[in-house]
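Subject: Structure handover

Hello,

The structure is below, with notes on what was found in it. Please look it over when you have time.

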Amino acid sequence: MVLKLYAAPASTASLRVALILHEKEVPFEFHPIYLRNREQKGPDFLEKNPFGQVPYIDDEGFGLYESRAIGRYIALKYAGQGTQGLIPPQTDVQATAIFERAASLEYAQFEAHASKIVYERVFHTAMGLSVDEEAAKYAIDQLSAKLDAYETILSKQAYLAGEVRDTDSNSR
Ligand SMILES: N[C@@H](CCC(=O)N[C@@H](CS)C(=O)NCC(=O)O)C(=O)O
């Protein structure tokens, strides 16, 4: 039975899952959820995800929501196919810790501010809703400060996790 992806094309969290499915060459069936119609808040979808948000997958009866958890699940389940090295082997505890740190940084330091900017400046504008310019400007300032820290790290190494440019493993 092919994996089912319940998602919305304009949703960045949905695209995150679609990207992993593509990288891991996993065939899937797309089930569109119409956010404008608030289908995600209807009883059928709330049974899948009580938070009423996309994406959601159904993999042979195993249901899962939260895009990052889904991404990790797909990367682990389909480890033998598609793009390799998305997640380090758990036996390499240092590489795993560094991967987890990069993942935490994305969620805690980047996503909150970046998504606020996109919601205010892109989605609200597209939907004809009022834009909270003050909130957008605050998020831009916050994100700029975070990007300075990213710059410091990435001026010394190629990626936040994974390949290290210098030979000092402590700086990974
Ligand atoms: N942390 C969740 C966020 C999911 C999320 O924010 N989904 C948005 C679309 S990108 C959504 O369903 N919005 C509709 C709503 O909240 O009613 C994830 O990564 O899956």
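Helix 1 (12-23) and helix 3 (67-77) each contribute at least two residues to the shell around the ligand; helices here are DSSP runs of H or I with at least four residues, strands are runs of E with at least two, and both are numbered from the N terminus. Helix 1 gives the most to that shell, three residues.

This is a predicted model, in which local features need pLDDT of at least 70 and side-chain atom pairs count only at pLDDT 80 or more, while totals for chains, interfaces and linings use all residues. Residues are numbered from 1 along each chain as its sequence is written, and side-chain values use heavy atoms, with hydrogens and water left out.

The ligand

The ligand is surrounded by 14 residues, the closest being Q40, K41, V54, E66 and S67 (a residue is near if one of its heavy atoms lies within 4 Å). By class, four of the shell residues are nonpolar, six polar and four charged. In that scheme Ala, Val, Leu, Ile, Met, Phe, Trp, Tyr, Cys and Pro are nonpolar, Asp, Glu, Lys and Arg are charged, and the others, Gly among them, are polar.

- V54: a backbone N or O atom is 2.9 Å from a nitrogen atom of the ligand.
- Q53: a side-chain N or O atom is 3.0 Å from an oxygen atom of the ligand.
- R68: a polar side-chain atom is 3.5 Å from an oxygen atom of the ligand.

Of the 510 Å² of accessible area that the ligand has on its own, the protein covers 81% (Shrake-Rupley method, 1.4 Å probe).

The pocket

The ligand takes up the space of the largest pocket, where sitting in a pocket requires more than half of a molecule's atoms to lie within 2 Å of its grid points. A pocket is an open set of points on a 1 Å grid over the protein atoms alone, where a 1.4 Å probe fits, with protein on both sides within 12 Å along at least five of seven lines; lining residues have an atom within 4 Å of a point.

The largest pocket holds about 1,100 Å³ of space, a volume being the space filled by probe spheres set on the points. Its lining has 31 residues, with S11, L35, V54, Y119 and F123 nearest the centre. Helix 4 (93-126) supplies at least two lining residues, as do helix 1 and helix 3, and the largest share, seven residues, is from helix 4.

Regards

Methods. A polar contact is a pair of N or O atoms within 3.5 Å; within protein, one must be able to donate a hydrogen and the other to accept it, and residues adjacent in sequence count only if both atoms are side-chain atoms.
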